[in-house]
Amino acid sequence: MNPSFKLLLVLIIALEVSFTRHLTINLVLIAVTIIYLLTKRIRPRLFGWLFLMPLFPAIAVFITIAWFSPGHDYFYAWVLFSRIYVYVFTGAAITQTTSPLELTRSLEQNLHLPSKFAYGTLAAVNLIPRIKMTVKTIRAAGQMRGIYLSWWSPTLYFKAILHAITWSDQLAQAMESHGYVEDRARTSVHQIALTTRDWLILIVSIILIQIITFALP
Amino acid sequence: MAKKNNKFHLRDIILLALVGIIFGVIYWAAAFMYNALTIVFTPLKLPMMGNDLTMGLWCMAGPMAGFMLKKPGAPFLGEFLGAAGEALIGDQWGAANLISGAVQGIASELGFTLTGYKHYDWLGAVATTITTTIVTFAWDWFRNGYNKFGFKNVYYFSGRLLSMFFFCGVLVMLIERLLERSHVMKREEFND
Amino acid sequence: MNQLAIDNLTFAYTPRQTTLKDVTLKIPTDSWTLFYGASGSGKSTLMRLLAGLLPKYGGKILQGKLQLPDGLTVAMMFQDPGMQFALDTPQHELEFALENLQLPSSEMPARIEHALKFCGIEHLCDRQLTTMSSGEQQRAALAVLVAMDTDILLLDEPFASIDNHNRSLLIHQLTLLQEKYHKTIIVADHDLHGYRGLAKQIIHFENQHAQLLDAAASDALLKSADQLAATVHHVKLPTASDQPILTLKNVVIEHGNEKLITANDFSFFKNQTTLLTGATGTGKSSLFKAITHLASYQGIISYDGKDSQKIKPRRYAQQVGYVFQHAVDQFLNVTVKEELALSLKKGQNPYFDDEHLTAALRLLGLSKLQDRVVYSLSGGQQKKLQLLLMLMMGQPVLLLDEPFSGLDFHSLHNVVDLIKTSQKIYPQTMIIISHQLEGLEKLIDRHVKLADGRLSYREEF
């Protein structure tokens, strides 16, 4: 499926389940995404991680509703519990099947997102290893001067932002040097197709979700 | 006074995305806080308190971006591009975060809008603290079932306001003061 | 017109301070030119002006103008290899660049293939750039310019952090680009060794001015650069009475998937000043990062007989200090005064009482700069302040990564004096990475060379 449309569908689903209280649709969506992920041959370990990672916040929400709120509404507790898993699994359906570059290219070509947003963000993402290293170095610099920089220390953020200012300057200049000009048309080496099939999948999925949400209990 | 350039250029976009990602990276170093606070507050029958007390940390990139670039749209982009960046690296909360990123972005933007994009000072910080608290709380009202919590919402709302005030108000202002004193954001010294 | 014309150009980043003043130059196309000068002398600034990145990205042309030959394209390669890619792999970056040039997609594969082959990185085309060595990254950066078929190639200190093998590969490719494809190549470098026979002309940057050297002066400069590297100083080998302070046992240090250093049993000794040399890109800084736990390694690095990993981080940071290559990484506050106050409060070096600190500040020319923002200091001032701050901290072991770069000879002399005086009162173990060897004879007790992935003591440097 076209990456932009996949994202669109997942966002629509996330919005819709946020504003409805319907256990069936949540369970159906989780089941469908699991099947989808299985057909894409996702590693079993990742499934374990997808189940475990949101467990803590999901339980927190569950017990708040079920035990500690006036109505003791167990049904609603399950709705909220499963809702978190809908977010995580549908999210994984994108991140596990589409590369950042494919998504970026699709957003640029199919949804006509200005390329400076698409590639600017992508360039920043590619610096994540360096950001992590830098945060480590800043904390080491602190320790060697006898101060401990914890995650609420203004100095830690200040120093990291100083780096970000330099990097954004360097990266923007490097991208320009590689021929990039803001707001100018670009060609594309790979055309990301947007077919009738994509439209069909999107529309049919949305209709099916409405039917289950409003027609089934 | 010269006309202010309110357009976002490539460099601004990279910077905003980087700031968002930096806050995300540091947040994950403190992710245990959410769990620890939840465990502490559950016996007090307030399990969601961890969510409310750490919420400010999630929303820092927005006001920070506003203070740094002092342009309409910067708070929204700072918050949203950070979330988009996390979604792009395949973070498992990614796609869902895109929506909360947008909500939080609008929330912090609103504080600067209400003060006419003229108050990059305490007033702006307080305004964005309040709008971020109200908007994200309203969002959780539907999304995380806060509509069911009854009078306990008084505690949750207060907890969130406190967290927003500390992280998005006090901490962001402290960072902003360091940046201001260092003159590092004065890129256009000649253009005044 | 077959030249890049710079006419009476004055450029400043801030109203207070000009970087280039009244520069008039004519750089011929279809030739190889070197920009030579110390760091901060304006080489990089002129390059960015030629590339059209300045004044767009800061500063202002106060007078004069630059003119490039009509229709010729310009592109730049940068000093920091990891900071010039928007995308994750060489293949994707090449595609990105060609899309920017609005090349039809049918023409792209051939261009990309040619560029990758030309730079010898076909095997790396789908590797993550972040996992590549600096040398490989620079070759990927050159591949982008080759694919773009740029007429004028500007390279800002392109070899600053890469190994000799990659350096000679790059120089070979650049020579080919110049001679066979008639490209205009301009390289900025602070170190001229190895350029003999390549560069047609040298432009010397000094005191905000830039001027073309004549053939005789150029040749003399290139010759002396090659000779300077060959001046020999003698030092002693470790003796039986030396006490080990840092010991590496079965240590392997890697970068990406490249093995940099193997040390089965190697020690640095207590209260000695050891010079660590080795070609760029061999892993000297990686060794410092491993010792300070900023990079991972296999094996055991022990401090004073104890596995360093078993010492609490906070305590270990009080034992082993790291003077970073980039001075600004060391700073934590805003003004010089605040930085000094922090080191005074937390430092353990007894030499720096009020009187000696005042004298040191005067010696380093920092006394009148106390209210200045550290980020606004010149490169040399930052270096001196950084060194002073870390000397004041007084960790028993201090690792210094290029502490003298960007210092003029007078400053270097004063800095060496300060270290010697402090060491007399408070002996410290120091390990120093430095490409600058002249003027260090007084300071150095031992010399360790890193070559072919091995560390060994040498009698001369």
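**View 1. The interface of chain A with chain C in the predicted model.** Between them, chain A and chain C bury about 4600 Å², and carbon and sulfur atoms account for 57% of this area; buried area is the accessible area (1.4 Å probe) that two parts lose on being put together, summed over both. Three residues, A:Met144, A:Arg145 and A:His178, contribute 22% of what chain A buries against chain C, more than any other three residues. Contact, defined as heavy atoms within 4.5 Å, links 48 residues of chain A with 60 residues of chain C. The model is predicted, so local features need pLDDT of at least 70 and side-chain atom pairs count only at pLDDT 80 or more, while totals for chains, interfaces and linings use all residues. Residues are numbered from 1 along each chain as its sequence is written, chains are lettered from A and ligands numbered from 1 in the order in which they are written, and side-chain values use heavy atoms, with hydrogens and water left out.

View 2. Five salt bridges are counted between the two chains, each a side-chain nitrogen of Lys or Arg within 4 Å of a carboxyl oxygen of Asp or Glu. One of them pairs C:Lys56 with A:Glu176, whose closest N and O atoms are 2.5 Å apart. Polar contacts between chain A and chain C number 27 residue pairs (both at pLDDT 80 or more); the term denotes a pair of N or O atoms within 3.5 Å, where within protein one must be able to donate a hydrogen and the other to accept it, and residues adjacent in sequence count only if both atoms are side-chain atoms.

**View 3. Helices of chain A that face chain C.** At least two residues of the side of chain A that touches chain C come from each of α6 (100-109), α7 (115-125), α8 (128-144) and α9 (154-177); helices are DSSP runs (H or I, at least four residues), numbered from the N terminus. α9(A) supplies the largest share, 15 residues.

**View 4. The two domains of chain A.** Chain A comprises domain 1 (3-110 + 188-215) and domain 2 (115-177), with bounds from an automatic or database domain assignment. Their C-alpha centres lie 32 Å apart. The area buried between the domains is about 380 Å², 72% of it from carbon and sulfur atoms. On the domain 1 side, A:Leu101, A:Thr104 and A:Glu108 lose the most area to domain 2, together 81% of what that side buries. The count of salt bridges between these domains is zero.
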